[in-house]
Amino acid sequence: ITGCGPQEQAAAPTATDDGTARIVEGVLGNSYSLNAPPARLHASGGTDMDNALALGFTPTSIELYGDSQLRPDQAGAAAAEVIRFVDGPNLEALANARPDLILTGWGDETYQRRMADIAPTIFIDSSQPWREVVRQVARPLFKDAEAEQVIVNLEQRFADFRTRFAARQGQTPCLLYIAAEGMYTLLTRESSVGALLGELGFAPIAKSGDLYGENIALESLATEATGDFLLVLIDTWRLTDPNEPVPAHVQAFLDTELAKRLPAAAG
């Protein structure tokens, strides 16, 4: 992998055995010429890691935020070195992991520039339509064919979902994310999950605004949580067993009188 600055023209890629050399855009607007998949991939523990695993590519190191853990469906990354983002990035640990390519979906420009000093760094924009995100991750990993198969498989699963939930087609969901006790976020129609629900056949979420949703006080839910039914999101990495009951702080919320009185909860 070679790189060039934002104002420089990327060097012409060298041909590879399968003719798939490509130029990709770096995190700072620069370009990288890639002639082969990375030998040591670092991925942050979000969309980029999920997509890499789905494409059959296991990172050698991953970045997890706070006390996050791998979910049961991310077991393929169990052998990867875990670098934690706690009160800021651990750039020393990242450098020691010796990546030759970094995929990241977060961080400000300063953080991204420092990552780019360690290895070629590509920003994965998870706000884009999910098919484009899959393809964006696949390109520097030389997994283009696998990406198309992942897309086909997911489209079939979505079709099965629409059949199973045909009775709710056209209804309006209210999407509530409960990160921890007392931490509530209403997701918007512009969020990635909101857009996905639209593709699954539901009416657009009533709430509009920030791509990442709006943090909201518990008492405000009584008027803000509107829709035909309530859909609660949780952090699945908290569940070590897929059959385990929902986390205690989520169940405690669902058992409150306020939750039962929410307009969307009636559905």
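Select aspartate 235 and show what surrounds it: leaving out residues up to four places away in sequence, aspartate 235 touches Tyr177 and Ala179. Contact here means heavy atoms within 4.5 Å. Aspartate 235 sits in the loop between strand S12 (229-233) and helix H8 (248-254). Helices (H or I, at least four residues) and strands (E, at least two) are DSSP runs, numbered from the N terminus. Now draw a line from the C-alpha of aspartate 235 to that of alanine 179: the separation is 6.6 Å, although the two are 56 residues apart along the chain. Is aspartate 235 buried or exposed? With 15% relative accessibility, it counts as buried; the word buried means under 20% relative accessible area, exposed means over 50%, and partly exposed is in between (1.4 Å probe, protein chains only).

A quick word on what you're looking at. This is a predicted model, where local features need pLDDT of at least 70 and side-chain atom pairs count only at pLDDT 80 or more, while totals for chains, interfaces and linings use all residues. Residues are numbered from 1 along each chain as its sequence is written, and side-chain values use heavy atoms, with hydrogens and water left out.

**Next stop: the sheet**

Switch to cartoon view and find the open sheet of 5 strands, which run in the order S6-S5-S4-S7-S8 with parallel pairing. Two strands pair if DSSP finds at least two bridges between them. At the edges you'll find strand S6 (81-85) and strand S8 (121-123), each pairing on one side only. On average, neighbouring strands of this sheet are turned by 20 degrees against each other, direction ignored. Such angles run from 0 to 180 degrees between N-to-C directions, and the axes are lines fitted to C-alpha atoms, for helices over the stretch in contact.

Zoom in on strand S5 (residues 61-65), which pairs with S6 in the parallel sense over 5 bridges. Which residue in S6 is the bridge partner of isoleucine 62? Pick valine 82 and you have it.

**A hairpin with a buried asparagine**

Go to strands S2 and S3, which pair in the antiparallel sense over 4 bridges. Arginine 22 has leucine 34 in S3 as its bridge partner. Their hairpin has 5 residues between the strands, and glycine 29 there takes a positive phi near 90 degrees. Click on asparagine 30, in the loop between strand S2 (22-25) and strand S3 (31-34). Asparagine 30 is buried, at 9% relative accessible area, and its side chain reaches the backbone nitrogen of leucine 28 at 3.5 Å.

**Into the core**

The largest nonpolar core has 29 residues, and Leu41, Leu55, Leu103, Val134 and Leu141 have the most contacts inside it. A nonpolar core is a set of buried Ala, Val, Leu, Ile, Met, Phe, Trp, Tyr and Cys residues joined through side-chain atoms within 4.5 Å. S3, S7, H4 and helix H5 (144-164) each supply at least two residues of this core, with H4 giving the most, 6 residues. Select leucine 55: beyond its neighbours within four places in sequence, its contacts include Val134, Leu141 and Val150. Apart from this core lies another, of 14 residues, with Cys174 and Phe253 among them.

**Last stop: salt bridges**

The count comes to 9 salt bridges, each a side-chain nitrogen of Lys or Arg within 4 Å of a carboxyl oxygen of Asp or Glu. Show the side chains of aspartate 144 and arginine 22, which meet in one at 2.9 Å, N to O. Aspartate 144 is in helix H5 and arginine 22 in strand S2, so the pair ties together parts 122 residues apart in sequence. Arginine 22 counts as buried at 7% relative accessibility, whereas aspartate 144 is partly exposed at 32%.

Then try glutamate 132 and arginine 135, whose closest N and O atoms are 3.0 Å apart in a salt bridge. Both lie in helix H4, 3 residues apart, about one turn of the helix.

Note on methods
A polar contact is a pair of N or O atoms within 3.5 Å; within protein, one must be able to donate a hydrogen and the other to accept it, and residues adjacent in sequence count only if both atoms are side-chain atoms.
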